[in-house]
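This report goes through a few local features of one protein chain. Keep the sequence and the structure at hand while reading.

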Amino acid sequence: MNKDAVWFPDEKCQKTRLYNWMQQLGFVDYDSFYNQSIMDIDWFWKEADHFLGLQWSKNYESVLKANVDWKYPVWFDGGEMNIITNALTKWADHPVASGKTALIWEGDDGSSKRYTFSELNKEVDQAASAFLNLGMHKGDIATIYMPMIPETAISMLALAKIGCIFSPVFSGYGAEAVATRIQAAQASYLITASSYKRRGKKIDMKTEANRAVAMCPTIKKIIVANSEEMDSAASTEYDIAWHMFPENPSPVATAVMKANDPLMILYTSGTTGKPKGAVHTHSGFPVKAALDAALCMDVSEGDTFFWYSDMGWMMGPFMLFGGLVNGAAIVLFEGVPDYPSADRLWSICDEHRVTQLGISPTLIRSLMPHGTDIIQHHDLTSLKAIGSTGEPWNPDPWMWLYKHICKNKTPIINYSGGTEISGGILGNVMLRPITPITFNSPLPGMDVDVFDASGHSVRNEVGELVIKQPWVGMTSGFWKENSRYEDAYWNVFPNTWVHGDWVTCDDEGFWTITGRSDDILNVAGKRLGPAEMESVLVNHPSVTESACIGIPHPVKGETPVCFIVLHHVSPTEQLKEELTLAIEASLGKALKPSALFFVTQLPKTRNGKVMRRIIKSVFLHQPSGDLSALENPEAVEEIAQLATSMAHNE
């Protein structure tokens with residue numbers, strides 16, 4: 001047993017869905033179950049189908065069809081299933097489940113609204129009927145550019161119901177970023193909102209939507225939620241007002257879909273500046289999301305599942321399907337976690353009795369400076385698990401969360417995968433001990449390993465995270481760019497998915513992600529994950545957060561440079577020396593950074609992911625690729641000025 005473990009399975013874990021499923025299948029320990037899940041993946045995913053209670057309009061003939069070269073596996077061949085049946089209709093038709101809560105929305109101003117499965121089903125039918133009347137057909141593509149409001153989830157479900165493909169994009173994007181994704185998908189429809197609220201201010205969304213559409217001749221109609229609040233100057237000839245949809249339409253027939261028909265195109269930023277469109281199917285993304293949510297976080301019928309995210313990021317659709325397919329309610333939050341006060345996140349968990357909360361390490365680091373007194377006013381005993389994804393942890397913030405929010409009882413489920421995965425590769429399961437910042441297992445069904453540069457499996461040393469067999473939910477390529485998909489994951493080792501993360505796995509099966517392959521530092525032959533140096537810095541009481549990059553060095557090859565955000569203290573040379581000495585003491589003089597810079601903020605996405613690649617490219621005056629995902633582009637200018645100043649001083 002790992003000596004660093006702080007959370008241990010207890011008798012409550014024998015009530016989890018994972019434990020009960022294992023018992024039903026005849027397994028007495030988790031390791032045996034996991035090993036069987038990758039030894040016989042046909043068996044595992046067939047049992048997963050039964051475990052989730054999926055309903056098929058036509059049964060599949062085989063679970064998996066794949067060659068040795070498994071870039072494009074066919075899952076549930078011959079089967080027909082529209083995911084709307086399993087995410088909504090079966091619950092709405094159930095005499096008991098129909099009256100249970102399916103969706104909770106909370107706005108920036110604290111207003112809220114609830115929908116039962118029956119009510120949500122009626123809203124979806126209304127939208128689906130309107131979409132059909134507008135001329136939408138099976139296979140048409142609609143881009144969704146919306147804040148976290150009920151109409152966003154309703155749109156996704158309605159489009160799925162009639163067999164259209166939806167492509168959600170980040171609600172904070174500007175027109176150019178939205179247009180790029182519309183153009184890449186060749187979308188025919190745009191679903192948006194007139195505006196949304198953020199920190200008490202009204203943010204105009206329709207103007208950006210109009211600018212995007214002006215660049216996209218494929219768009220036929222713009223469907224606008226909240227259009228009754230829209231400035232008349234923002235209206236266009238393409239507009240269709242959501243509030244004018246006919247009420248009480250006749251029920252809409254659910255389109256018959258093949259298991260591998262596309263459901264969603266989810267774009268993720270690329271380092272070359274061109275976003276990648278991961279293609280996900282009706283029997284792919286929702287099934288993987290639902291299974292991971294059930295096995296890792298024990299999401300169950302009647303639970304309330306809340307992941308702080310946007311529908312344009314993977315964890316938004318993950319929450320939608322991971323919650324609804326399991327019969328749980330989902331929470332859509334339109335605001336931000338520290339407005340109108342720093343306890344907003346905990347207030348939501350308390351008021352709505354959230355059972356599973358999803359956050360990022362950066363979010364927790366940003367809340368730590370506000371102290372713990374505000375937490376004491378909220379009852380968080382409803383929480384069964386806290387999920388975390390987006391980036392590696394530092395030990396101190398992880399322990400702060402575990403001590404003050406989890407009360408040393410609620411497990412933190414570290415969870416890492418990606419948009420192309422449909423969920424997790426590595427995670428924490430509640431049947432093994434949990435240590436700070438690590439992962440205690442690959443996800444069931446995920447055949448994962450660590451390879452060195454020669455393609456040999458290694459332990460206790462840093463290597464590439466690889467996947468050796470197909471899984472339900474893997475992207476069916478990139479939309480109209482399969483050569484790019486193959487270049488991204490398949491050009492390192494034969495018949496092996498190389499994910500792009502550097503990881504270690506110890507002899508007891510605990511995994512640590514040290515950074516992205518393109519983030520890793522190589523200082524005089526010594527590999528260093530940026531999170532290791534960042535953890536040393538964040539451990540100092542004056543530091544809120546930090547980011548470490550490697551820049552070229554004539555002798556060492558690379559040398560570390562650190563960017564530091566301080567907590568209510570002024571930057572001084574003495575503090576810089578303290579931090580440098582702390583790094584030397586922890587990591588050794590050989591890894592001493594060549595420069596430390598104090599900044600007011602780090603470039604981040606809205607879900608809190610620090611963008612090291614952008615910091616590095618800006619600092620080195622190199623092309624920065626896609627910047628459209630940034631929440632705070634002004635942070636880039638600050639780093640650019642530092643780079644210019646440093647160059648002038650040399």
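V331 is buried in this predicted model, with a relative accessible area of 1%. The residue belongs to strand β15, which covers residues 329-333. Which residues does V331 touch, not counting residues up to four places away in sequence? They are I104, T304, F305, F306, M319, I348 and V354. A separation can also be given for V331 and S188: the two are 143 residues apart in sequence, and 29 Å lie between their C-alpha atoms.

N440 is 14 residues from L426 in sequence, and the C-alpha atoms of the two are 7.8 Å apart in space.

I375 is placed in a loop, the one between α12 and β17 (385-388). Residues up to four places away in sequence aside, I375 touches W346, L380, W400, H404 and I405. One of these contacts, H404, is 29 residues from I375 along the chain, with 7.7 Å between the C-alpha atoms.

S129 is found in helix α5. At a relative accessible area of 17%, S129 is buried as well, because the limit is under 20%. Apart from neighbours within four places in sequence, S129 is in contact with P249 and V252.

The table lists accessibility values for several residues.

| Residue | Location | Relative accessible area |
|---|---|---|
| V331 | strand β15 | 1% |
| S129 | helix α5 | 17% |
| F76 | strand β2 | 1% |
| N495 | loop between α14 and β23 | 33% |

Next comes the packing of two helices. Two packed helices are described by the angle between their axes and by the distance between those axes. For helix α5 (residues 117-133) and helix α6 (residues 150-161), the angle is about 60 degrees and the axes are 8 Å apart. The crossing of α5 past α6 is right-handed. On the α5 side the contact is made by L120, N121, E123, V124, D125, A127, A128 and F131, and on the α6 side by I154, S155, L157, A158, L159 and K161. Sorted by type, the residues of this contact are nine nonpolar, two polar and three charged.

The backbone has some features to note. Most residues other than glycine have a negative phi, and most peptide bonds are trans. F76 is not a glycine, yet its phi is positive, at about 55 degrees. This residue lies in strand β2 (residues 74-77) and is buried, at 1% relative accessibility. N495, also not a glycine, has a positive phi of about 50 degrees. N495 is in the loop between α14 (482-489) and β23 (497-505). With 33% relative accessibility, N495 counts as partly exposed, because that class runs between 20% and 50%.

What kind of peptide bond joins Y339 and P340? The bond is cis, with omega at about 0 degrees. P340 lies in the loop between β15 and α11 (344-351). Strand β15 is also where V331 is found.

Which elements each supply at least two residues of the lining? They are β9 (201-204), α12 (361-367), β27 (543-553) and β28 (557-566). The largest share, four residues, comes from α12. By type, the lining consists of ten nonpolar, 13 polar and eight charged residues.

Definitions and conventions: Residues are numbered from 1 along each chain as its sequence is written. This is a predicted model: local features need pLDDT of at least 70, side-chain atom pairs count only at pLDDT 80 or more; totals for chains, interfaces and linings use all residues. Side-chain values use heavy atoms; hydrogens and water are left out. Buried means under 20% relative accessible area, exposed over 50%, partly exposed in between (1.4 Å probe, protein chains only). Contact means heavy atoms within 4.5 Å. Ala, Val, Leu, Ile, Met, Phe, Trp, Tyr, Cys and Pro count as nonpolar, Asp, Glu, Lys and Arg as charged, and the others, Gly among them, as polar. Axes are lines fitted to C-alpha atoms, for helices over the stretch in contact, and angles run from 0 to 180 degrees between N-to-C directions. A crossing is left-handed if the near helix is turned anticlockwise from the far one by less than a right angle, and right-handed if clockwise.
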